[in-house]
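Trainee: I would like to learn how to read a pocket and a ring pair. Please take me through them.

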Amino acid sequence: MSTTADPLATLASLPGVADSVDSVRKSIDRVYGHRIMRRRSNEVTGEAALRSARGSAALSGADWALEEVRRRTDFSGDEEARTVGAALRLSAEAGQLLSVWRQSPLRVLARLHLVAAGGDAPDESVGRPRLAGEAVDEPLIELELPDADEVAGRLDGLARLLLSGTQAPALVTAAVVHGELLALRPFGSCNGLVARTAERVVLVGSGLDPKSICPSEVGYAELGRAAYVAALENYVSGTPEGMAAWIAHCGRAVELGARESTAVCEALQRGAA
């Protein structure tokens, strides 16, 4: 990224990014303008959280039907069940961490990993960046894994960037947080789940989607795992074109999430949800 005082704002000026930002804003505004949002927004938020978790779990290899996620109460069985359970816990936790995020993003990331990992990882590895020689279980992402020193340095740089403030649109900031965490895979497990939840924290905390009703995770799942990985490769390339393509991918996912919640609003209005 750029070495200017506000590198995120520099990304926002890349060709095509302004169009993505504008399209996302219009999509979100349409959902918030729906008449159902005036009196039943809590129901829309709850449904979005469920669908967000389902989408994120699907990207991490547990592609369950929405109704299966809805009816299950025990997620302690096989690996897929534990992945879905982790995604549900993260979806519930995200909204509780907004004030902490503004003060210490790294504390929030540690908390998210604790929530996601539950009792599935050794105690000493949960909630902290991996150390030299520690393995990473993230089968979807096969890119070269940065070493522990690089992870620590880039996490610190990301945190300082976020805390210094930016004039960049929320979509750009959220996309960079998401992409950087996926590229680094700082934890021994659950990195994808944590990265997507961190993106949600940024989108909600920025005021772009304050009620958390536009689940980008739904969009990523709909666009598919292959497109997700290809978009991440664009991010990792670090080129202006690659960064713009990643931001556009993230924007499209948010738009699809907004479309999903619009459908929920319509169903509620018909009395069918």
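Trainee: Which helix gives the largest share of the lining of the largest pocket?

Mentor: Rolling a probe the size of a water molecule over the atoms shows where empty space is left. A pocket is an open set of points on a 1 Å grid over the protein atoms alone, where a 1.4 Å probe fits, with protein on both sides within 12 Å along at least five of seven lines; lining residues have an atom within 4 Å of a point. Here H5 gives the largest share, six residues; helices are DSSP runs (H or I, at least four residues) numbered from the N terminus. This is a predicted model: local features need pLDDT of at least 70, side-chain atom pairs pLDDT 80 or more, while totals for chains, interfaces and linings use all residues. Residues are numbered from 1 along each chain, and side-chain values use heavy atoms, without hydrogens and water.

Trainee: How many aromatic pairs are there, and how is one described?

Mentor: A pair of aromatic rings is described by the distance of the centres and the angle of the planes. Rings of Phe, Tyr and Trp (its six-membered ring) pair if their centres lie within 6.5 Å; planes under 30 degrees apart are stacked, over 60 edge-to-face, the rest tilted. The count is four aromatic pairs. One of them, Tyr228 with Trp246, is tilted, at 6.3 Å between centres and 50° between planes. Tyr228 lies in helix H12 (residues 225-237) and Trp246 in helix H13 (residues 240-270), so this pair ties together parts 18 residues apart in sequence. Both Tyr228 and Trp246 are buried (under 20% relative accessible area, 1.4 Å probe, protein chains only). Ring pairs also link Tyr220, Tyr228, Tyr235 and Trp246 into a cluster.

Terms used
Helices (H or I, at least four residues) and strands (E, at least two) are DSSP runs, numbered from the N terminus. Buried means under 20% relative accessible area, exposed over 50%, partly exposed in between (1.4 Å probe, protein chains only).
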